Amino acid sequence: MKRRYLHRNDWKRIVSREYKELQIDEEGFYGYISLLKMKEVSQPLVVKYLEKEICIADHQYSWLYQLPLNEHFAITTMFDSHNNIIQWYIDITYKNGIKNGEAFMDDLFLDIIVLPTGKIIEKDQDELQVALENNIITREQYELAFNTFHQVLNQIQTNTFPYFTLATKHFQKLNHFAKLQ
C-alpha cells in the first residue's frame with residue numbers, strides 16, 4: 001500500500017510550487033482540502049486515455065485535493081493554466097488521515113477517472129489483484145476497495161457524487177485563502 005501526502009513534496013517534476021491546505025468541517029464535507037499550484041515543472045506530464053493524450057501537469061497547472069476523513073477515497077481535480085478542469089481522479093483508499101500535521105491517504109490501487117465529457121475510466125483492477133496475491137493487502141482491504149469502488153462508480157453514474165460540485169467551491173475557497181496570506 002502506498003502512503004501519499006497531499007503536498008507531494010516527493011514529486012521532483014515540480015520545480016516551483018505554491019501549496020495551501022485547510023481542514024474544513026462543513027455540510028457535506030469533513031476533512032482536508034489542499035491546492036497544489038505548479039508554478040514551474042521540469043517537463044509536462046501527459047497521459048493517454050482512449051487513444052487521446054491529455055496533459056495533466058504543466059507550468060501554472062493546479063491540483064485540488066479533497067480528502068474526506070470519513071470516506072475511503074480521495075479526489076484530485078486537475079486544472080489547466082486557465083483554471084479549466086482537465087479531469088477528476090478518484091483514488092480508492094484504505095485510510096485518509098493526518099500524521100505530524102500532514103494530510104495523507106493510504107492508496108488501495110483502484111482508481112476512477114472522470115473526464116469533463118462525462119467519460120469514466122476504471123483503472124488498476126489488476127494492480128489490486130496482484131497486491132492481494134502478494135500479501136501487500138489483506139482480503140478485508142481488497143473487499144473494502146472493491147465495495148468502495150463500486151459505490152463511488154454508482155454515485156458518479158447517477159449524478160449523486162457530491163465532490164465534483166464541491167471541487168469548484170473548494171478551489172475558490174483555497175484561492176481566496178491564498179490571497180489573504
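Is phenylalanine 146 buried or exposed, and what is its relative accessibility? In this predicted model, phenylalanine 146 counts as buried, because its relative accessibility of 18% falls under the 20% cut-off for that class.

## A ring pair in helix H2

The partner of phenylalanine 146 in this pair is tyrosine 142, and the centres of the two rings lie 5.3 Å apart with their planes at 65°, so the pair is edge-to-face. Both residues belong to helix H2, which covers residues 139–157, and because they are four residues apart there, about one helical turn separates them. Tyrosine 142 is buried as well, with a relative accessible area of 14%.

Another edge-to-face pair is made by phenylalanine 161 and phenylalanine 164, whose ring centres are 5.1 Å apart and whose planes meet at 65°. Phenylalanine 161 and phenylalanine 164 are both buried.

For the model as a whole, the count of aromatic pairs comes to twelve.

## Charges over rings

Aromatic rings in this model also have arginine side chains placed over them, and one of these is arginine 3, whose charged end sits over the ring of phenylalanine 104 at 3.7 Å from its centre. Arginine 8, in turn, lies over the face of tryptophan 11, where the distance to the ring centre is 4.8 Å.

Notes: Residues numbered from 1 in each chain as written. Predicted model: local features only at pLDDT ≥ 70, side-chain atom pairs only at ≥ 80, totals over all residues. Heavy atoms only, no water. Phe/Tyr/Trp six-rings, centres within 6.5 Å; stacked < 30°, edge-to-face > 60°. Helix = DSSP H or I, 4+ residues; strand = E, 2+ residues; numbered from the N terminus. Buried < 20%, exposed > 50% of the residue type's maximum accessible area, 1.4 Å probe, protein only. Lys NZ or Arg CZ within 6 Å of the ring centre and 35° of its normal.
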